[in-house]
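Please look over the chain below, first as a whole and then region by region, before reading on.

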Amino acid sequence: MKLKVMKTSKKHKPLLYIFFAIVAVVFLSVFVFTVSGIYAERDQKKAELQSLQHQIQIQEMKNAESESVYDDPEYLYKYANKIAREHDYVKSGERVFINSSGR
């Protein structure tokens, strides 16, 4: 038994192969460029997230400090007196003198 080598009558078109190779290279280039852009944007968003988390921690520390100050009854009493004086309230038993000279 002999093996026969069959020859095809079709001619291969090298320009078609070159075209498909160029299309594949362009497609892969666009794909790599897009993926690298996505990774760069992801890294930028991670850095932004870390920055925002740091700002949140700072704000939480400031809030805790403010809460400790406002929980102090003496501070609240002084603050209430200050606001009352700014709005021209008087304490009971206090005399009010009105300056009619306009100075």
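How many residues does helix H2 have, and how far does it reach from its first C-alpha to its last? Helix H2, residues 73-86, has 14 residues and reaches 20 Å between those two atoms, close to the 20 Å expected at 1.5 Å a residue, where the expected span is 1.5 Å times one less than the number of residues in the helix. Before going further, please bear in mind that this is a predicted model, in which local features need pLDDT of at least 70 and side-chain atom pairs count only at pLDDT 80 or more, while totals for chains, interfaces and linings use all residues. Residues are numbered from 1 along each chain as its sequence is written, and side-chain values use heavy atoms, with hydrogens and water left out.

The secondary structure of the chain comes to 2 helices and 0 strands; both kinds of element are DSSP runs numbered from the N terminus, a helix being H or I over at least four residues and a strand being E over at least two. Helix H1 covers residues 14-70, and Phe27 has its place in this helix. The C-alpha atoms of Phe27 and Tyr70, which are 43 residues apart along the chain, are separated by 63 Å.

The dimensions of the whole chain come next. Its C-alpha trace spans about 130 × 40 × 15 Å along the principal axes. The radius of gyration is 41 Å, whereas a compact globule of 103 residues would have one near 13 Å; the radius is taken over C-alpha atoms, and the globule rule is 2.2 Å times the number of residues to the power 0.38.

What share of the 103 residues in the chain is buried? Buried residues make up 0% of them, with buried meaning under 20% relative accessible area, exposed over 50%, and partly exposed in between, for a 1.4 Å probe and protein chains only. Phe27 counts as exposed because its relative accessibility is 56%. The accessible surface of the chain comes to about 10900 Å², of which 63% belongs to carbon and sulfur atoms; such areas come from the Shrake-Rupley method with a 1.4 Å probe, and for residues only the protein chains shown count as cover.

Turning to charge, the chain has 16 positive and 12 negative side chains, and the centres of the two sets lie 30 Å apart. Lys and Arg count as positive and Asp and Glu as negative, without His or the chain ends, and the place of a charge is taken as NZ of Lys, CZ of Arg, CG of Asp or CD of Glu. Side chains of opposite charge can pair when their charged atoms come close. A search of the whole structure finds 4 salt bridges, each being a side-chain nitrogen of Lys or Arg within 4 Å of a carboxyl oxygen of Asp or Glu.

One of these salt bridges joins the side chains of Asp43 and Arg42, at 3.5 Å from N to O. Asp43 is partly exposed at 42% relative accessibility, and Arg42 is partly exposed at 40%. Another links Lys45 with Glu48, the closest N and O atoms being 4.0 Å apart, and these two residues both lie in helix H1, 3 residues apart, or about one turn of the helix. Glu94 and Arg85 also meet in a salt bridge, at 2.8 Å from N to O; Glu94 is partly exposed with a relative accessible area of 33%, and Arg85 with 41%.

Finally, consider the segment after H2. Asp88 has its place there, and its phi is near 65°, a positive value in a residue other than glycine. Asp88 is exposed, with a relative accessible area of 66%. Ser100 is also placed in the segment after H2 and is exposed, with a relative accessible area of 75%. Ser100 and Leu49 are 51 residues apart in sequence and 61 Å apart in space, from C-alpha to C-alpha.
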